[in-house]
Structures are given as structure tokens and as C-alpha cells.
Amino acid sequence: MKRSFVVTLLVICLLSMMSLFAAGQQEKSAVSKDVNLKVYARAYTYQQDDPWKNAEKKLQEAHPDLNITFTYEGFGWADLRTKFLTAAAGGEAPDVVMTDIIWIGEYADGELISDVTEKAEAWQEWADVAPLYKEATKWDGRIYGTWLNTDVRVMAYNKKLFRAAGLDPENPPQTWSELRTAAKQISDKLAPASYGLGFPATLEDESAQTFYAYLFSLGGKILTDDMKKAAFNSEEGVQALTELVDMIKIGATPSSIVSGSSSDINNGVFQDKFAMSYMTKAFGLAKDLIPGLTVEQYLADFGVATIPRADNGTPSTMSGGYLLCVPTGSKHQDIAWEFITYAAGAESQFGYTAARGYVPTFTSLMSRAEDYYAIDPYFSVILSQLNNAHFRPSIPQYTEIAAEIQNAIQAAVMGVKTPKRALDDAARIVDQLLNE
């Protein structure tokens, strides 16, 4: 009886020890659980605490049981896409990828980014995303990310050059005919040192976006509604491209816009080389180029206005920007999405957009325009353009489509082809791309 009792007692002790040991191992495992989140983004996003550093703190505070480390890689625009595609193909995808809105269709169709519809709709801040931008996160009706930021293009202009040419610096052109008159007057008086209007005719997307803004002002479209055929070679498209080409023919814009880059032209506004150009983040660019620039000096020497509309058209601008997405190859899908909600939430978006002169996508932030005025005194002009904004088609073939449109613009500007011939030739190739 005693022996049986002793054996039983020993068994109980042994089981208790095993239970304690297992619990200890579980506790040790939980405490030491390592998570490494890798982020691919544009390099400039690492220059301030928002979006990443403050999101790190929030994520770690929400998960004290995890030992989270963060690995970041920064890229230029084209390299970001190339690096992500290469990494995903090799089974080395990051956990978070910053995605240009035009890449969504390509990534979604290629099953490279995760469908986060349920996660997004359960996120308490999702309802605050402005409807236009909420819809732009979707491909085939499903959500694939949330906005880090957006932007809209405006016309920045040099008041000093306006004055030198005898123009009223507080009355920038609002229509194409007014633009032609003002730009020609400036060029006639100041060229070759300064020209009236600068726009890119280089083989880059900014060239296409300038054309698109003109196209949409006339009521034209890039593609048909079903996205199965080109529509940019319509009567509206020919008129839009002709308007740009004519600026060169009358001497308002130099033929050298086919070389260099769009950033060279934008820089030129603040270097007294161009009186007008279309761009985003004008104040930030001006501060980068002019040491010690004050708000007062900026207001005195430079202006920001809406992009001039067709005389018989409506105001139009192009909107772009980036989403944060979770690659399908991420090993930490839920943690990655949670991190994104902190990095792209309204609080973080305000800090990030205010610091860089971007436009918010949350309705609550759009109603705080006064908070942005200290950052950009012309922010009201930028914000007003959201109602006139258009997006490029987020389809898998867009990069190739844009390349053909860029070729057409350059051919027309150089006089190699008429605007109609250039657009028709591009449209034939685009139709083939869309039917493959």
C-alpha cells in the first residue's frame, strides 16, 4: 500500500515537473519569438519618422511577446518594381511593398500581392478613406492595399519671369489660349535664357501624364471603358497632342524638351529657365533648390495654379501615388498588414504628407487643410484639384502602353510624325497588347 502510494506520488511529481518544463519552454519560446519584417519602398520615405519609425513603435507595443526586427531597402521608381519582381520570382519577396498605383493590376494578376479585402474592411480607419481613393485600391472588385499617399499635378510658375515679360504675376493663364499667349510673350522677350512653358517629351511617364491631362480636359479617354482598345487616338487625343506640339512651333517651348528628364524641366521653374511647368510638390522642390527659401519669398517669387484647361473643356489633372501591399510571399501576412495600418493610418499619413507636400487620402485629413498651409502656402490649390483628378489604368499592360504613348509624343514633338499619325501608330500596337 505504501509502495503503491510512493509510486503514485513519484508519477505525480514527474508529471508536474514535465508540465512545468513544458510551460517554461513555451514561455521561453513566446518571449524569444523572432519576427523579421522586410520592407521594399522608395528611398525617400526613410527620411522622416513617418511612416516607418512610428509604425515600428506601435507594432512592437502591440506585440510585447515578439522580438520584431525591421529590414528596409530603398529604391528609385523603376528599380522598386524590378527588384520586387525579381525577389518575388526567386521566393524572396519582402513582407511589405510600396506599390505605384499603376502596378496594381500587374501584381494582382500575377498573384504577387495578397487580397486584403476582409482585412481592409475590418480596419476601423477604412471608412475614412475618400471614396475615389478607396475604389482605386481595387482590382476586379477586390482590395489589394491601402494608400500611403497620393499627389495631383498643378502648374507652378515663376512670377519673376512673368514680371520681366510684362505679365501680371497674380493672373496666371487658365485656358489653353491664354497659356499660348502668355508663354509666347515670355519666350519672345526672354529666350533663349528663359522660355514660357516647359513640359517633358522624354521617354518617361511624366510625358504621358501631361498629354493625359490635356486629353481628359477635352473629355477624351486613354482606353475604352472595357479597357480592351486604345482610345487616346480619338479626335480629342489628336487635338490634345497638337496643342502641345504647337507650343514648340510658336517658340513658347524649346525643342530641347525631348532630352534630359522631367525633373530638369520642373527644376527650371525655380532656376528661372521656365516660366511655367506642371508638377507635384512644388514648394518642396523650391526649398531643395533655393537655400534658405522662406514662405514669404516663395509667395513673392512663385505661384501655383490649376493646369490650364481647353477653351471648350474642363479642368483636369492627373493623380498618382502609392499603396502599401502585402506580397503573397510574405511569411508574416497578418503582422505585415497590421504594420501597414500603422504606417498608412491617418495619424501617420498626416505626418508623412505634411513633411513631403503630398496629398492625403483620408477624408478627415482633407478637412484639415489649414494644418497643411504652414507646410505649403498654396495647399488650397492642390487640394481643390482632387475633384478634377484622373488615374492611369492600373492594368498589367500599362507600362508597355505608356511606352508607346511616350514614343508617339516624342515623334510628334520632333516632327517625325503628325500628331494623328503618331497616335494612330501607337494605338495599333496598344490594341495588340490588349488582345494578347
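A: In helix 9, Asp 205, Ser 207, Ala 208, Phe 211 and Tyr 212 meet Tyr 398, Ala 402, Ile 405, Gln 406 and Ile 409 of helix 19. Contact means heavy atoms within 4.5 Å; helices are DSSP runs (H or I, at least four residues) and strands likewise (E, at least two), numbered from the N terminus. The model is predicted: local features need pLDDT of at least 70, side-chain atom pairs count only at pLDDT 80 or more, and totals for chains, interfaces and linings use all residues. Residues are numbered from 1 along each chain as its sequence is written, and side-chain values use heavy atoms, with hydrogens and water left out.

Q: At what angle do helix 9 and helix 19 pack?
A: Two packed helices are described by the angle between their axes and the distance between the axes. Here the angle is about 75°, and the axes of helix 9 and helix 19 are 9 Å apart. Axes are lines fitted to C-alpha atoms over the stretch in contact, with angles from 0 to 180 degrees between N-to-C directions. Helix 9 and helix 19 are therefore roughly perpendicular (65 to 115 degrees).

Q: How much space lies in the largest pocket?
A: Rolling a probe the size of a water molecule over the atoms shows where empty space is left. The largest pocket holds about 1000 Å³, a volume being the space filled by probe spheres set on the grid points, which are joined across faces, edges and corners. A pocket is an open set of points on a 1 Å grid over the protein atoms alone, where a 1.4 Å probe fits, with protein on both sides within 12 Å along at least five of seven lines; lining residues have an atom within 4 Å of a point.

Q: Which element gives the most to the lining of the largest pocket?
A: Helix 12 does, with six residues.

Conventions
Parallel < 35°, antiparallel > 145°, perpendicular 65-115°, else oblique.
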